Amino acid sequence: MMRLHLAVLPAVLLLVAAGCRGGDEERRRSTPRGGSSGALPFGTLVAGMPPYGATGNVYAAAGPEMLGEQLQGHRTLVYVPNTRSNDVSVIDPSTHRVIDTFPGGPEPQHVVPSYDLTTLYVASSKIPEGGLVPIDPRTGKPGAFRMLEDVYNLYFTPDGKQAIVVAEAYQRLDFYDMASWQRVRSVRFPECEGINHMDYSADGKIMLFSCEFANRMLVLDTVSLDKLREFTLTETTDGMPQDTRLTPDGQNFLVADMHAHGVYVFDAQATRQTGFVPTGRGAHGIYFSRDGKLGYVTNRDEGSVTVLDMATLKPTTTWRIPGGSPDMGGLSADGETLWLSGRYHDEVYAISTKDGKLLARIRVGRGPHGLTIWPQPGRYSLGHTANIR
């Protein structure tokens with residue numbers, strides 16, 4: 001993310017609940033285990049959330065080539081929002097060539113699959129002209145621009161009834177009815193400057209949000225939106241938390257921090273921080289292999305991707321992109337290629353997940369950010385570039 005304002009706050013852990021973490025430096029930096037491989041410990045799901053199958057992987061329905069019927073006829077394309085040139089580059093992944101470019105709205109940030117996976121939305125955040133550009137994935141063509149205030153990021157409630165616009169500049173979450181796109185609720189969190197990325201617990205009952213310019217995390221009740229807890233991050237005083245993802249076993253949240261140069265680990269309900277995993281300079285995006293056994297952390301400032309073993313949450317190898325700046329993206333439907341935007345270098349990377357080999361570097365518009373490769377396996381989208389369960 002490339003906002004110009006920053007807030008540097010003291011590194012004081014807010015003990016909002018008795019479960020918030022403490023302990024000495026050695027325990028704080030230890031790497032926790034990834035949890036058991038048995039049944040998910042989620043109990044009763046939040047109302048309206050689709051049930052899981054009999055598996056210990058919350059992303060089991062997003063396995064290799066598990067494309068639903070609603071994706072029939074969707075073109076296989078990579079959509080790249082270019083924040084500085086205000087357009088979207090469209091790449092044919094079979095040829096590694098840009099085949100189309102169209103307007104993406106003012107300051108397009110992310111391309112987000114809709115909850116039902118039938119539409120893609122380009123989220124643009126410029127104040128006050130931002131909004132959404134829908135894309136028909138059957139044709140790869142954009143529809144009419146819809147003005148909405150400060151759409152930096154876009155998520156959906158677990159029941160799919162409402163869209164959540166992350167209005168970053170206003171420290172606000174705006175809830176929109178999916179049928180009418182009328183705003184039905186708005187909640188502001190002034191303590192969360194740069195409210196940004198989020199994910200849900202396995203049961204869908206809590207949301208963990210990163211506060212990019214406040215060096216902290218917020219835990220919210222999904223239904224009431226009450227703030228349950230907050231954590232001030234402690235690896236550095238000017239922390240910059242980014243992508244936030246639930247691990248495949250549902251036992252941990254991972255939070256990439258660009259200034260701490262690694263990934264924070266929280267427990268399944270974000271009641272306490274359990275560890276920190278160093279990865280590389282500018283840790284930014286988090287993605288998981290189709291079988292749920294590996295995690296991929298992009299290190300934007302050093303041009304690398306750290307591969308994590310999800311059973312231990314320990315790094316196993318690092319893939320280098322010389323002169324690159326890997327940012328956000330996603331996996332191909334077969335899981336064999338990791339597609340990432342090169343934020344500082346106006347390019348896109350295609351990386352083999354078998355050995356980390358760089359398959360292609362593709363020139364696109366200026367400031368490529370949250371790209372999406374489509375179609376994606378899974379049943380429903382919770383938002384961002386491909387948080388699909």
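A salt bridge is taken here as a side-chain nitrogen of Lys or Arg lying within 4 Å of a carboxyl oxygen of Asp or Glu. The structure is a predicted model, in which local features need pLDDT of at least 70 and side-chain atom pairs count only at pLDDT 80 or more, whereas totals for chains, interfaces and linings use all residues. Residues are numbered from 1 along each chain as its sequence is written, and side-chain values use heavy atoms, with hydrogens and water left out.

By this criterion the structure holds 15 salt bridges. One of them joins the side chains of R343 and D327, with an N to O distance of 3.5 Å; R343 lies in the loop between β26 (337–342) and β27 (347–352), and D327 in strand β25, so that the pair links parts of the chain 16 residues apart, where strands are DSSP runs (E, at least two residues) numbered from the N terminus. D327 also forms a salt bridge with R300, the closest N and O atoms being 2.5 Å apart. This second pair likewise links distant parts of the chain, D327 being in strand β25 (residues 326–331) and R300 in the loop between β22 (294–299) and β23, 27 residues apart. D327 counts as buried at 0% relative accessibility, and R300 is buried at 2%, as is R343, where buried means under 20% relative accessible area, exposed over 50% and partly exposed in between (1.4 Å probe, protein chains only).

A further group of charged residues, E149, R172, D174 and R183, is linked in a network of salt bridges.

Two open sheets may be described, with two strands taken as paired if DSSP finds at least two bridges between them. An open sheet of four strands with antiparallel pairing has the order β21-β22-β23-β24, and its edge strands, β21 (283–288) and β24 (314–320), each pair on one side only. Strand β23 (residues 304–309) pairs with β24 in the antiparallel sense over six bridges, and the bridge partner of S304 in β24 is R320.

Six bridges join the antiparallel strands β2 (residues 87–92) and β3, and S89 has T101 as its bridge partner in β3.
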